[in-house]
Amino acid sequence: QVQLVDSGGGLVQAGGSLRLSCAASGRLFSATAMAWFRQAPGKERDFVAAISWSGRSTYYADSVKGRFTISRDNAKNTAYLQMNSLKPEDTAIYYCAGAPPASSDRYYYRTDDYRYWGQGTQVTVSS
């Protein structure tokens, strides 16, 4: 069992930066692929970025590629999303997600692949 608590959201001007954190409880974090999704009002939850359990493989949505960076520190049971050059269209609730522990070191980008979810943190980018 993995429990996730995400934090770090806030209000920022366009062009600014934020770093989101996802703190995980449980001993299986280091075997769990992680990801960030986001959901804007009235829209579906969309994939943002994913990272394999070792951190060697990452994958990004086209809309954030080159601006966002996903990382993890398995010693601290924490995943991160560094968001730079933020745009108003990045405004959403951001959720971290954890896949079931697995032996294969890979990432996933579908919501159905993730079992564990954080409570969400609001990111608002003003123009």
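**Exercise 1. Is Asp62 buried or exposed, and with which residue does its side chain form a salt bridge?**

Step 1. Asp62 has a relative accessibility of 66% and therefore counts as exposed, where buried means under 20% relative accessible area, exposed over 50%, and partly exposed in between, found with a 1.4 Å probe and protein chains only. This is a predicted model, in which local features need pLDDT of at least 70 and side-chain atom pairs count only at pLDDT 80 or more, while totals for chains, interfaces and linings use all residues. Residues are numbered from 1 along each chain as its sequence is written, and side-chain values use heavy atoms, with hydrogens and water left out.

Step 2. A salt bridge is a side-chain nitrogen of Lys or Arg within 4 Å of a carboxyl oxygen of Asp or Glu. The side chain of Asp62 meets that of Lys65 in such a bridge, at 3.1 Å from N to O.

**Exercise 2. How many salt bridges are there by this rule, and which residues are joined into one network by shared partners?**

Step 1. The count comes to five salt bridges. One of them is the pair of Arg38 and Asp90, whose closest N and O atoms are 2.9 Å apart. This pair links distant parts of the chain, as Arg38 is in strand 4 (residues 34-39) and Asp90 is in the loop between strand 8 (78-83) and strand 9 (92-98), 52 residues apart. Strands here are DSSP runs (E, at least two residues), numbered from the N terminus. Both Arg38 and Asp90 are buried.

Step 2. Arg110 forms a salt bridge with Asp113, with 3.1 Å between the closest N and O atoms, and Arg110 is partly exposed at a relative accessible area of 48%. Salt bridges that share partners join Arg38, Arg67 and Asp90 into one network.

Step 3. Arg67 lies in the loop between strand 6 (58-60) and strand 7, and at 10% relative accessibility it counts as buried.

**Exercise 3. Which side chain of opposite charge is nearest to Arg72, and which polar contact does the side chain of Arg72 make with another side chain?**

Step 1. Arg72 is found in strand 7 (residues 68-73). Lys and Arg count as positive and Asp and Glu as negative, while His and the chain ends are not counted. Arg72 is buried yet has no salt bridge, and the nearest side chain of opposite charge, Asp105, is 6.8 Å away.

Step 2. The side chain of Arg72 makes a polar contact of 2.8 Å with the side chain of Asn74. A polar contact is a pair of N or O atoms within 3.5 Å; within protein, one must be able to donate a hydrogen and the other to accept it, and residues adjacent in sequence count only if both atoms are side-chain atoms. The backbone oxygen of Phe29 also lies 2.8 Å from a polar atom of the Arg72 side chain.

**Exercise 4. What is the strand order of the open sheet of four strands?**

Step 1. Two strands pair if DSSP finds at least two bridges between them. Five bridges join strand 1 (residues 3-7) to strand 3 (residues 18-25), which run antiparallel, and Gln3 stands opposite Ser25 in strand 3. Six bridges join strand 3 to strand 8, again antiparallel, and the partner of Cys22 in strand 8 is Ala79.

Step 2. The order of the open sheet is 1-3-8-7, with antiparallel pairing. Strand 1 and strand 7 are the edge strands, each pairing on one side only.
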